[in-house]
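Please walk through the strands, helices and loops of the model shown here.

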Amino acid sequence: MLDYLSRKQLQKLHDLKSDRNAQRILKEMDRYLSSFHDGQKIYYLNKEGRERVNCDIVRKKTFNVNHYLMRNDVYIAYGCPKSWKNEQRIFYQKGKHRIVAVCDAKFEMNDSTYIVEVDNTQTMKKNETKIEKYRRLVERNVLGRNPKFIWVTTTNYRRNLLTELCEGLNVEVYLSTDFH
């Protein structure tokens, strides 16, 4: 479900305590995992691991791994919501009016819909377009009574821009470093 995970994320998810204990357990799972380095060791399921958990999605080494890791940090920080779904298409159409947005993740908690967006390498113009779509979806009550938006980005400058662009929406903008 989470595609790629760092050792620290696996430690948090499974309460593995010390780094040494986490390394030991990951070594024991070696036959089910593949890994690569991108500033840290990143793990994903290999063929045998996918068969073990009945997963059809094949993952390979990717240079876009930080996007996945940033999204996973939100999943872990919000308590691993059961309703969490990645890459969700949000669609509205009435007559000739059509709005389509794809969020990085979506989940329900405390009678609210949460929309997760990861701003890792996206242009600010694309973010602005997406935010405008969300405004129109909120106006049409497509996302429920009290939608909340969670953005994760990489710099204070980008956080400030996103906060400004999202003015009027119920939004939290985090830096990726806020989760470590």
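Strand β5 (residues 97–109) and β6 run antiparallel and are joined by five bridges. Two strands are said to pair if DSSP finds at least two bridges between them. Helices (H or I, at least four residues) and strands (E, at least two) are DSSP runs, numbered from the N terminus. The model is a predicted one, in which local features need pLDDT of at least 70 and side-chain atom pairs count only at pLDDT 80 or more, while totals for chains, interfaces and linings use all residues. Residues are numbered from 1 along each chain as its sequence is written, and side-chain values use heavy atoms, with hydrogens and water left out.

Methionine 109 has serine 112 in β6 as its bridge partner. The hairpin of β5 and β6 has two residues between the strands, and asparagine 110 there takes a positive phi near 50°.

On its pairing with strand β7 (residues 148–153), β6 is parallel, again over five bridges. Valine 116 is the residue opposite isoleucine 150 in β7.

How many residues of strand β6 are buried? Seven of the seven residues of β6 (residues 112–118) are buried, so the strand is largely enclosed by the rest of the structure. Buried means under 20% relative accessible area, exposed over 50%, and partly exposed in between (1.4 Å probe, protein chains only). Both faces are covered: one side carries Ser112, Tyr114, Val116 and Val118, the other Thr113, Ile115 and Glu117, and all are buried.

Val118 is also among the residues touched by histidine 67. Histidine 67 lies in helix α4 and is buried, with a relative accessible area of 13%. Not counting residues up to four places away in sequence, the contacts of histidine 67 are Glu87, Asp104, Val118 and Asn120. Contact means heavy atoms within 4.5 Å.

Helix α4 also packs against helix α1. Two packed helices are described by the angle between their axes and the distance between the axes. The axes of α1 (residues 7–14) and α4 come within 11 Å and cross at roughly 20°. These axes are lines fitted to C-alpha atoms, for helices over the stretch in contact, with angles from 0 to 180 degrees between N-to-C directions. α1 and α4 are therefore roughly parallel to each other; angles under 35 degrees count as roughly parallel, over 145 as roughly antiparallel, 65 to 115 as roughly perpendicular and the rest as oblique. From α1, the residues Gln9, Lys12 and Leu13 meet Leu69, Asn72, Asp73, Tyr75 and Ile76 of α4. The residues of this contact divide into four nonpolar, two polar and two charged. Here Ala, Val, Leu, Ile, Met, Phe, Trp, Tyr, Cys and Pro count as nonpolar, Asp, Glu, Lys and Arg as charged, and the others, Gly among them, as polar.

The loop between α3 (47–53) and α4 (65–77) holds asparagine 54. Asparagine 54 has a positive phi near 60° in a residue other than glycine, and is exposed, with a relative accessible area of 68%. Valine 58 is found in the loop between α3 and α4 as well; valine 58 is partly exposed, at 45% relative accessible area. Its C-alpha atom is separated by 8.0 Å from that of leucine 45, 13 residues apart along the chain.

Strand β2 (residues 33–37) pairs with strand β3 (residues 41–45) in the antiparallel sense over five bridges, and phenylalanine 36 stands opposite isoleucine 42 in β3. Three residues lie between β2 and β3, and glycine 39 in the turn has a positive phi of about 85°.
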